[in-house]
Amino acid sequence: MIRIAAVGDVHVDKDVVGRYRPALEQLPDRADALLIAGDLTRHGTVEEARCFATEFGGLEVPVVVVLGNHDHQSDLQDDVSAVLTDAGITVLECSSTVLEINGHRLGIAGSKGFGGGFAGACASNFGEREMKNFVGTTEDIAQRLGEALRSVRCDALVALTHYAPVPETLVGEPLEIYPFLGCYQLGQAIDSAPTALALHGHAHHGSERGRTPGGVPVRNVAHPVIKQAYNVYQLLSDSVDTELVNA
Amino acid sequence: MTNQIDLEAEIQRLLTEHDRISEQGITVQRREHQVVLGGEVESAQRRDEICRQITERFPDIEITCDIGITRAQAPSEVEEIS
């Protein structure tokens, strides 16, 4: 059995430091790892990254993250990643990691992802250079996420993105902005591997549950959606006790 | 005077692009005589800053701030994924 805690869109700055910590101190009793689905900071500054590392670092369980669009706002994403890595946090961008947990290998492949839209209402790689750059970015990131997912050898595989891979978990958001919230290519990447669970954030007004066309469970763990410090998902279980230990 | 048709768009862009706000998860709904801001943010300071900035930028419009602070308690349940 593996239990994964997950949240996204925590947008840490100095005014947030300390808010999550009481719940995070209890996390090792509830889960084996913490995955964070991007938008770790407000503006992607080094100072905010340090605040995030203070708040979410130093836990007794591994912490694995992807960046979100907010973490790119200052064009310092490499510096942000370096601060997090120095704090012992694993940052994924079209890459993967494997955690040994309870005798199982938990594989996590992650990427920020990008927009582009979904079947019937998606952008095309056609026309102006700006449009081709936009959709080209969508396609490139999805392709590399798929490669990362397919490269992992593990007992349970989790896909971690900021942008959404399916429209179901966007329900509640205005339809007009779906193309800025995710893309179907991420869902295709997730379906190209034996993915057990896909986690994303970004859609603050979206819905928690969905599935890819291939049947992979998708969970939108944006903080305003789950309305608690983190959710806990159980994988590889013979039986489940839905009450958390020490709850 | 702000064109009423553009009002929601102007507020939405200010919420996202103003360096002291940078929020993409705030809803803007126009009522008969007021604009209602909704959604959730991570701290009371952020909510107060949003209301202050929007009121300063649009002094002739009645702004109602229904923005909440997202709770951050530990969970009590686990979901089995199958």
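Biologist: Among contacts in chain A between residues at least 6 apart in sequence, what percentage join residues at least 24 apart?

Modeller: In this model, which is predicted, 77% of the contacts in chain A between residues at least 6 apart in sequence join residues that are at least 24 apart. Chain A has 7 helices and 13 strands, and buried residues account for 54% of its 247 residues.

Biologist: Why does the radius of gyration of chain A agree with that of a compact globule?

Modeller: The expectation is set by chain length: for 247 residues a compact globule would have a radius of gyration near 18 Å, and because chain A has 17 Å, the two agree. Taken along the principal axes, the C-alpha atoms of chain A fill a box of roughly 55 × 40 × 35 Å.

Biologist: Which residues touch the most other members of the largest nonpolar core?

Modeller: That core has 84 residues, and the ones touching the most other members are A:I4, A:A6, A:L35, A:I36, A:L149, A:V158 and A:L160. Apart from it lies another core, of 8 residues, which includes B:I11, B:V41, B:I54 and B:I67. To return to A:L149, if residues up to four places away in sequence are left out, its contacts include A:A109, A:L157, A:A189 and A:I190.

Biologist: How should I read the sheet of 6 strands in chain A, and in what order do its strands stand?

Modeller: Strands of a sheet pair through backbone hydrogen bonds, either parallel or antiparallel. Here the 6 strands form an open sheet of mixed pairing, in the order β5-β6-β9-β10-β12-β11 of chain A. The edges are β5 (95-101) and β11 (209-211) of chain A, and each has a single partner strand, so one side of each is left without a neighbour in the sheet. On average, neighbouring strands of this sheet are turned by 25 degrees against each other, direction ignored. At one end of the order, β11(A) and β12 (residues 217-220) of chain A pair in the antiparallel sense over 3 bridges, with A:R209 opposite A:R219 in β12(A). Helix α5 (residues 129-151) of chain A lies across β5, β6 (104-111) and β9 (156-161) of chain A, and runs at about 170 degrees to β6(A).

Biologist: Which residues of helix α3 (residues 46-56) of chain A are buried?

Modeller: An α-helix has 3.6 residues a turn, so residues three or four places apart point the same way. In α3(A) the buried residues are A:E48, A:A49, A:R50, A:C51, A:F52, A:A53 and A:F56, and their cover includes α1 (21-25), β2 (33-37), β3 (63-66) and α4 (77-86) of chain A. Just after α3(A), A:G58 takes a positive phi of about 65 degrees.

Biologist: How many residues of chain A are in contact with chain B?

Modeller: There are 34 residues of chain A in contact with 20 residues of chain B. The strand β13(A) gives the most to this side of chain A, with 5 residues, and by class the side has 15 nonpolar, 12 polar and 7 charged residues. Across the two chains, β13(A) and β6 (residues 79-80) of chain B pair in the parallel sense over 2 bridges, and A:Y233 stands opposite B:E79 in β6(B).

Biologist: In what order do the 3 strands of the open sheet in chain B stand?

Modeller: The order is β1-β2-β4 of chain B, with mixed pairing. Its edge strands are β1 (27-30) and β4 (62-65) of chain B, each pairing on one side only. Strand β2 (residues 34-38) of chain B runs parallel to β4(B) and is joined to it by 4 bridges, and B:V36 stands opposite B:T64 in β4(B). Helix α2 (residues 44-57) of chain B lies across β2 and β4 of chain B, at about 170 degrees to β4(B).

Methods. Residues numbered from 1 in each chain as written. Chains lettered and ligands numbered in written order. Predicted model: local features only at pLDDT ≥ 70, side-chain atom pairs only at ≥ 80, totals over all residues. Rg over C-alpha atoms; globule rule 2.2 N^0.38 Å. Buried ≥ 20, exposed ≤ 12 C-beta atoms within 10 Å, placed from the backbone. Contact = placed C-beta atoms within 7 Å. Core = buried A, V, L, I, M, F, W, Y, C linked by C-beta atoms within 7 Å. Nonpolar A, V, L, I, M, F, W, Y, C, P; charged D, E, K, R; others polar. Pairing = 2+ DSSP bridges. Axes fitted to C-alpha atoms, helices over the stretch in contact; angles between N-to-C directions.
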